[in-house]
Amino acid sequence: MTQGQLIYTGKTKDVYQLANGHCLLKFKDDVTGENGVFDPGANTVGLSIDGMGRKNLAVTARFFKLLKEAGIPTHFVSADLDKGEMEVLKAVPFGKGVEVICRYRAVGSFIRRYGAYIKNGAKLDAYVEMTIKDDAKGDPLITKDALAALHIMTEAEYDSIAEQTRRVTKLVADELGSKGLELYDIKLEFGRVDGKVVLMDEISSGNMRAYDKDRSVQAMELADRILGSKASNG
């Protein structure tokens, strides 16, 4: 793949425009977190882990291929693991970006918001929520009605995204389960390709929480276990 014109600099990836109309995602070693501690729910870069970018790309490519086999549309075209690059269809985000979280356990920001009503770690039934990308405001939650009222997405698109999110999350959870891990939650992003809703961005250890019994599995070890390689501290 030939690197094109830089069109977006993100926290964990840079995006380039290719001559063929597609985009190129260049994965970085940076991961989200706070005060040097990894947190997939954070909206700031917390630390850099050597080799993390290529591992996240390898995990993403693996899951996108599994999703293709399952008939779930994504923007994935191909990946060059040696270069840490992924070619994708150019997807138009909803508004300035909407993040979709699917939760199997009450942890992270969910327990901070609703801890008066539920115990930490309690099971949830594939609960889906959406936030709008806005670092300054802490990525606030937004409802289906608000998304429609603001013309960010239609109610039908919301329902499609929620349904696809649950399908994607189950596939990821089943794959982690085969590795002896339990998925607690995952953060996804969708966009439009030729007017059709598709999964975009990435599916990596950097945007999910997984546990081995009662132990939280950190990003590099999680990537290694998903890929079936020896766990590493980076």
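Analyst: Let's begin with a term: a helix here is a DSSP run of type H or I with at least four residues, and helices are numbered from the N terminus. Please keep in mind that this is a predicted model.

With that term in hand, look at helix α2, which covers residues 108-114. Phe110 and Tyr114 both lie in α2, 4 residues apart, or about one turn of the helix. There is a general rule behind this spacing: an α-helix has 3.6 residues a turn, so residues three or four places apart point the same way.

Now for the rings themselves. The structure holds 4 aromatic pairs. In one of them, the ring centres of Phe110 and Tyr114 are 4.9 Å apart and the planes meet at 70°, so this pair is edge-to-face. The step from angle to name rests on a cut-off: planes over 60 degrees apart count as edge-to-face.

At 30% relative accessibility, Tyr127 counts as partly exposed. Put together, ring pairs link Phe110, Tyr114 and Tyr127 into a cluster.

Let's step back to the whole chain. The chain has 5 helices and 16 strands, and 50% of its 234 residues count as buried. Among contacts between residues at least 6 apart in sequence, 56% join residues at least 24 apart.

In soluble globular proteins, nonpolar side chains tend to be buried together. The largest nonpolar core in this model has 52 residues, and Phe63, Met130, Val172, Leu176, Ile203 and Met208 touch the most other members. Helix α4 (residues 155-177) gives the most to this core, with 8 residues. Leaving out residues up to four places away in sequence, Phe63 touches several residues, among them Val172, Leu176, Ile203, Met208 and Ile226. Ile226 takes us to helix α5, where it is one of the buried residues. In α5 (residues 219-227), 8 of the 9 residues are buried, and the helix is followed by Gly228, whose phi is positive, near 80°.

One more ring is worth a visit. Lys13 lies over the face of Phe27, at 5.6 Å from the ring centre. The strands around this spot are β2 (residues 13-17) and β3, which run antiparallel and are joined by 5 bridges. They form a hairpin with 5 residues between them, and Gly21 in the turn has a positive phi of about 95°. Strand β3 (residues 23-27) has 4 of its 5 residues buried, so it is largely enclosed by the rest of the structure. β3 also pairs with strand β8 (residues 85-88) in the antiparallel sense, over 4 bridges; there, the bridge partner of Lys26 is Glu85.

Definitions and conventions: Residues numbered from 1 in each chain as written. Heavy atoms only, no water. Buried < 20%, exposed > 50% of the residue type's maximum accessible area, 1.4 Å probe, protein only. Helix = DSSP H or I, 4+ residues; strand = E, 2+ residues; numbered from the N terminus. Contact = heavy atoms within 4.5 Å. Core = buried A, V, L, I, M, F, W, Y, C linked by side-chain atoms within 4.5 Å. Phe/Tyr/Trp six-rings, centres within 6.5 Å; stacked < 30°, edge-to-face > 60°. Lys NZ or Arg CZ within 6 Å of the ring centre and 35° of its normal. Pairing = 2+ DSSP bridges.
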